[in-house]
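User: Hi, I'm new to this one. Could you bring it up and walk me through how the helices pack?

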Amino acid sequence: MGKRENENRVANLRFNGKEIQLAVKMLDKLQTTIDIIYYLMEHENEQAFVLMLLTAKDIDLNTLLDKEKRDTDILFEIDKEESLYVMLCQDTKVDGGYHFAERVIRNIQLDNGKDIYCTELEVRATHYSAKQVVLKLLETFVKSKLENKSNEIVFRSLN
């Protein structure tokens, strides 16, 4: 018997075991923070936020992201070995998030970082659960890796 394959993986995305473990880590680290941001959106007139999921090889991504972030941005280390990080950018819309990602990617490239994958999800409304937001971010990221969109910014909006 051969190894089971899912030929339609991109068309019909299912998470593999490793990706589900990643989803668990992301939910553990992000869920409560997203709930707090939702509160701010509903009560303090924050407009939208952007989640950026980023990975790169041959670079200290944690230090670079920590240097690039604003005081209102929140950096999460999801998986140190895989060099996988999420940045939550409060009160940020598509264009601001996109320009920020462009700058980060440029700086990773200047530091000779490789295999850069960057997915951004803009969230403009609070009717998605934190779990839905995190899973949509991960799904978009997994798809971008399957489609080999290295050095590109893959952007989605939830509204």
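User: How are H1 and H4 set relative to each other?
Analyst: H1 and H4 pack at about 135 degrees, with their axes 8 Å apart, and are therefore oblique to each other. This is a predicted model, where local features need pLDDT of at least 70, side-chain atom pairs count only at pLDDT 80 or more, and totals for chains, interfaces and linings use all residues. Residues are numbered from 1 along each chain as its sequence is written, and side-chain values use heavy atoms, leaving out hydrogens and water.

User: Which residues in H1 do the touching?
Analyst: On the H1 side you have Glu19, Leu22, Ala23, Met26, Leu27, Leu30, Gln31, Ile34, Asp35 and Tyr38. Contact here means heavy atoms within 4.5 Å.

User: What do those H1 residues meet in H4?
Analyst: Their partners in H4 are Ala130, Lys131, Val133, Val134, Leu135, Leu137, Leu138 and Val142.

User: How does the contact of H1 with H4 split by class?
Analyst: There are 14 nonpolar, 1 polar and 3 charged residues in the contact of H1 with H4.

User: Okay, new topic. How do H2 and H3 cross?
Analyst: Helix H2 covers residues 61-68 and helix H3 covers residues 94-110. Their axes come within 11 Å and cross at roughly 140 degrees, and that makes H2 oblique to H3. H2 passes H3 in a right-handed crossing.

User: Which residues of H2 and H3 meet?
Analyst: From H2, Leu61, Leu64, Leu65 and Glu68 take part. Facing them in H3 are Phe100, Arg103, Val104, Asn107 and Ile108.

User: How many of the residues in the contact of H2 with H3 are nonpolar, polar or charged?
Analyst: The contact of H2 with H3 has 6 nonpolar residues, 1 polar and 2 charged.

Technical notes: Axes are lines fitted to C-alpha atoms, for helices over the stretch in contact, and angles run from 0 to 180 degrees between N-to-C directions. Helices (H or I, at least four residues) and strands (E, at least two) are DSSP runs, numbered from the N terminus. Angles under 35 degrees count as roughly parallel, over 145 as roughly antiparallel, 65 to 115 as roughly perpendicular and the rest as oblique. Ala, Val, Leu, Ile, Met, Phe, Trp, Tyr, Cys and Pro count as nonpolar, Asp, Glu, Lys and Arg as charged, and the others, Gly among them, as polar. A crossing is left-handed if the near helix is turned anticlockwise from the far one by less than a right angle, and right-handed if clockwise.
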